[in-house]
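Here is a friendly briefing to read alongside the structure. Have the viewer open and follow the topics one by one.

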Amino acid sequence: MQALTYQGATNVAVKEVDNPKVEQATDAVVRVTSAAICGSDLHMYDGRTEVETGKVLGHEIMGVIQEVGDGVKQLKPGDRVVLPFNIACGDCYNCVRGFTNACLTMNPQMAGAAYGYAGMGPYNGGQAGFVRVPFADFNALKLPGEAGDELERDFLMLADIFPTAWHACELADVQMGSSVAIYGAGPVGLLSIMSARLRGAAEIYCVDMIPTRLDKAREMGAIPINFKEGKPSEQIAALRHQSPLAEALRPGEEKRLEGVDCGIDAIGYQAHDFSDPQHEETQEVLEDLAAVILPTGHAGIIGVYMNDDPGGANEDLKQGIFKIPFGTFWAKGITIGTGQAPVKRYDEMLRDLIIGGQCRPGTIITHEAALEDAPEYYRRFDNREEGMIKVILHP
Ligand SMILES: NC(=O)c1ccc[n+]([C@@H]2O[C@H](COP(=O)([O-])OP(=O)(O)OC[C@H]3O[C@@H](n4cnc5c(N)ncnc54)[C@H](O)[C@@H]3O)[C@@H](O)[C@H]2O)c1
Ligand SMILES: [Zn+2]
Ligand SMILES: [Zn+2]
């Protein structure tokens with residue numbers, strides 16, 4: 001089969017590799033119909049991880065069951081499925097508590113496994129013709145309809161970024177009536193807007209600098225904030241003070257307008273400097289979150305912060321040591337939530353919202369391409385080409 005493989009920093013290539021097989025009785029092999037490129041793939045593409053040469057990339061995968069082992073009871077060839085990016089056993093201490101992002105048995109190196117990802121176990125990804133799914137009954141979510149139908153793009157978002165965005169809202173405690181600031185209008189940030197609206201947020205701000213992404217954020221119901229025009233926390237406070245809410249507050253309560261209840265970092269450690277966007281600046285977003293989140297609020301840091309980063313700008317950053325204004329977080333009593341999303345926890349519920357016509361997460365997809373053109377799309381996506389938000393590939 002053809003597969004997109006990692007060949008070194010900024011170098012990926014489509015190669016002919018062996019088809020995956022059923023290795024354990026509980027495995028299935030899925031014929032991939034769509035696989036997305038993720039902002040997370042770019043950390044590897046940029047040479048910021050220790051991913052091995054030749055690894056097949058891709059952790060946002062859907063398709064049709066091709067073959068199952070004797071131990072697979074719930075699935076049969078021909079079933080349409082999407083694969084949560086976390087690979088989990090379903091039985092360990094963390095899996096039974098719903099933390100499939102920290103499965104203790106699937107990755108010999110650490111807690112948590114995934115398809116086609118640096119440090120996440122020996123599993124190939126799904127930017128390929130076929131992919132092997134361990135413990136398939138647990139790790140594949142059944143879908144209605146036919147491959148390639150009108151919900152294909154929406155269902156593909158269930159592999160990672162829609163449940164990830166939902167998890168960001170869980171971490172940030174977005175509730176009915178909340179005010180929310182989302183940093184980053186990439187796919188995760190945009191679907192955090194969608195999730196926050198589904199959860200009943202009253203007011204949503206979304207920060208970025210790319211005009212088409214900010215336009216999309218506005219279209220999806222957020223107030224766009226361009227960080228090139230000044231510190232986001234200050235822009236947000238100024239806008240909040242103009243809100244009609246100001247008239248309804250009692251003396252002293254104006255402090256509610258200085259920020260928001262919930263802050264989401266949907267950027268991660270490769271954030272751009274607010275005043276010099278050519279450069280990376282890891283700290284500023286965390287500082288601005290501390291500034292913008294109101295006392296007793298919540299921060300959902302869903303963007304990735306690597307614990308070792310060969311491309312880090314200094315010794316601390318190389319070891320994953322990031323400076324944060326902890327005193328401000330503490331003084332305000334802000335709860336900080338981090339980590340990988342436990343996709344399976346939310347996936348059935350989000351699938352049913354899609355089936356019920358309540359949301360169309362696939363509307364953030366801007367480009368569809370053949371697998372053989374993947375290297376070109378990696379390059380363009382890595383350059384954050386204007387107008388390119390989410391790319392999906394068809395083997
Ligand atoms: N925790 C998880 O389980 C999980 C899952 C999927 C993705 N992620 C991570 O989420 C992050 C976002 O993913 P994505 O696919 O949306 O990526 P993306 O790179 O397409 O989006 C990031 C956006 O942030 C913007 N940005 C950069 N610096 C900024 C700054 N200082 N202020 C405001 N905006 C800024 C960029 O212009 C870009 O639009 C990545 O770090 C990705 O690895 C985490
Ligand atoms: Zn992803
Ligand atoms: Zn487990």
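## Two helices in contact

In this predicted model, Pro232, Ser233 and Ile236 of helix H8 meet Asp288, Ala291 and Val292 of helix H10. Contact here means that the C-beta atoms of two residues, placed from the backbone, lie within 7 Å. Sorted by type, the residues of this H8 and H10 contact are 4 nonpolar, 1 polar and 1 charged.

**Reading the model**

- Residues are numbered from 1 along each chain as its sequence is written, while chains are lettered from A and ligands numbered from 1 in the order in which they are written.
- Because the model is predicted, local features need pLDDT of at least 70 and side-chain atom pairs count only at pLDDT 80 or more, whereas totals for chains, interfaces and linings use all residues.
- Helices (H or I, at least four residues) and strands (E, at least two) are DSSP runs, numbered from the N terminus.
- In the residue types, Ala, Val, Leu, Ile, Met, Phe, Trp, Tyr, Cys and Pro count as nonpolar, Asp, Glu, Lys and Arg as charged, and the others, Gly among them, as polar.

**How H8 and H10 pack**

- H8 covers residues 232-241 and H10 covers residues 283-292; they pack at an angle of about 25°, with their axes 9 Å apart.
- The axes are lines fitted to C-alpha atoms, for helices over the stretch in contact, and angles run from 0 to 180 degrees between N-to-C directions.
- H8 and H10 are therefore roughly parallel to each other; angles under 35 degrees count as roughly parallel, over 145 as roughly antiparallel, 65 to 115 as roughly perpendicular and the rest as oblique.

**Two domains**

- The chain is divided into domain 1 (2-160 + 342-394) and domain 2 (162-338), with bounds that come from an automatic or database domain assignment.
- Taken over C-alpha atoms, the centres of domain 1 and domain 2 are 27 Å apart.
- Domain 1 gives 25 residues to the contact and domain 2 gives 22 residues.
- On the side of domain 1 that touches domain 2, the elements giving two or more residues are helix H1 (39-45) and helix H13 (343-355).
- H13 supplies the largest share of that side, 5 residues.
- By type, that side of domain 1 divides into 11 nonpolar, 6 polar and 8 charged residues.

**Around ligand 1**

- Ligand 1 is surrounded by 32 residues, and the closest are Gly39, Ser40, Gly184, Gly186 and Gly268; a residue is near a molecule or strand if its C-beta atom, placed from the backbone, lies within 6 Å of it.
- H1, helix H5 (161-171), helix H6 (187-198) and strand E11 (203-208) are the elements that give two or more residues to this shell.
- The largest share of the shell, 3 residues, comes from H6.
- The shell residues divide into 18 nonpolar, 10 polar and 4 charged.
- Domain 1 and domain 2 each provide at least three residues of the shell.

**Helix H5 and its cover**

- Since 10 of the 11 residues of H5 are buried, H5 is largely enclosed by the rest of the structure.
- A residue is buried if 20 or more other C-beta atoms lie within 10 Å of its own, exposed if 12 or fewer, and partly exposed in between, with C-beta atoms placed from the backbone.
- Among the buried residues of H5 are Phe162, Trp166, His167 and Leu171.
- Their cover includes H6, strand E13 (260-265), strand E14 (293-301), strand E15 (335-338) and H13.
- Asp173, which follows H5, has a positive phi, near 60°.

**Residues to click on**

- Leu190 lies in helix H6 and counts as buried, with 28 C-beta neighbours inside 10 Å.
- Beyond its neighbours within four places in sequence, Leu190 is in contact with Ala185, Lys216, Ala217, Met220 and Ile364.
- Phe155 sits in helix H4 (residues 152-156) and is buried, with 26 other C-beta atoms within 10 Å.
- Not counting residues up to four places away in sequence, Phe155 touches Met62, Val82, Leu143 and Ile354.

- Phe135 is not a glycine, yet has a positive phi of about 40°.
- Phe135 belongs to the loop between strand E8 (130-133) and helix H3 (136-139) and is buried, with 22 other C-beta atoms within 10 Å.
- Thr296, also not a glycine, has a positive phi of about 75°.
- Thr296 is found in strand E14 and counts as exposed, with 11 C-beta neighbours inside 10 Å.
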